Amino acid sequence: MGRWEPNARGRLEQAALDLYSEHGFEQTTAAQIAERAGLTERTFFRHYADKREVLFGGAHALEQAFVETLADTPAAAAPIDAMASTLETVAAFFLERHEFAQQRQAVIMANAELRERELIKLASLSTALADTLRRRGVKDPAASLTAEAGIAVFKVGFERWVADSGQRTLADHLRESLDELKAVTSGG
């Protein structure tokens, strides 16, 4: 086993996605993922609590990026403008990740338990963003509405980005989704 080879986590991630795509999430075991990555099952469990975490292990880092970016936007920015700036900045985390995102999304959409987990992740992110907006002085319901709108824009933009050929960036899709939301809310 090549435990000493670099990037064990990345190798496990790619092996898991490949196996989930080939055989299905339910039919794939942690042992199979480790074997495909050229690692031991013990190494797998040093990196991930279970096979779902391969798909959701980055959720905390994504939430942290959203929260820190939103907290750092200029205090004078309107809540929706602060959210737009945050979406634009966070989209950069997905550069060079289109193929991975497509593969991950296909696995999630094929499994009800994983779709539920994805929705829980987005709800947690919305709560964290609303809390951040409140700390910036935004009152409710504006803080909650802005956070939910930001998550809706992110979700729709992300789904469109994953579904396209990868010629346009996630930021392009997020801007387009936000513009559509603004048009809907303004009656335009």
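What percentage of the 188 residues of the protein count as buried? The figure is 43%, where buried stands for under 20% relative accessible area, exposed for over 50% and partly exposed for anything in between (1.4 Å probe, protein chains only). The structure is a predicted model, in which local features need pLDDT of at least 70, side-chain atom pairs count only at pLDDT 80 or more, and totals for chains, interfaces and linings use all residues. Residues are numbered from 1 along each chain as its sequence is written, and side-chain values use heavy atoms, with hydrogens and water left out.

A look at the overall build comes first. The protein has 10 helices and zero strands, these being DSSP runs numbered from the N terminus (H or I with at least four residues for helices, E with at least two for strands). Along the principal axes, the C-alpha atoms fill a box of roughly 55 × 30 × 30 Å. Among contacts with a separation of 6 or more, 64% come from residues 24 or more positions apart; a contact here means heavy atoms within 4.5 Å.

Buried positions in α8 include Leu 114, Glu 118, Lys 121, Leu 122, Leu 125 and Leu 129. The buried residues of this helix pack against α4 (53–56), α5, α6 (79–91), α7 (98–109) and α9 (142–163).

Axes are lines fitted to C-alpha atoms, for helices over the stretch in contact, and angles run from 0 to 180 degrees between N-to-C directions. On the α5 side, the meeting residues include Leu 62, Phe 66 and Leu 70, and on the α8 side they include Leu 125, Ala 128 and Leu 129. Sorted by class, this contact has 10 nonpolar, two polar and three charged residues. In that sorting, Ala, Val, Leu, Ile, Met, Phe, Trp, Tyr, Cys and Pro are nonpolar, Asp, Glu, Lys and Arg are charged, and the others, Gly among them, are polar.

With α9, the arrangement of α8 is as follows. The two axes come within 8 Å and cross at roughly 140°, and α8 and α9 are therefore oblique to each other. Contributors to the contact include Leu 122, Ser 126 and Leu 133 of α8, together with Ala 143, Thr 146, Ile 151 and Phe 154 of α9. By class, the contact of α8 with α9 has 10 nonpolar, three polar and three charged residues.

Thr 146 sits in helix α9 and is buried, at a relative accessible area of 9%. Apart from its neighbours within four places in sequence, Thr 146 touches Pro 79, Ile 80, Met 83 and Leu 133. Pro 141, in the loop between α8 and α9, is exposed, with a relative accessible area of 54%. From C-alpha to C-alpha, Pro 141 and Ala 130 are 9.4 Å apart in space and 11 residues apart in sequence.

Notes
Angles under 35 degrees count as roughly parallel, over 145 as roughly antiparallel, 65 to 115 as roughly perpendicular and the rest as oblique.
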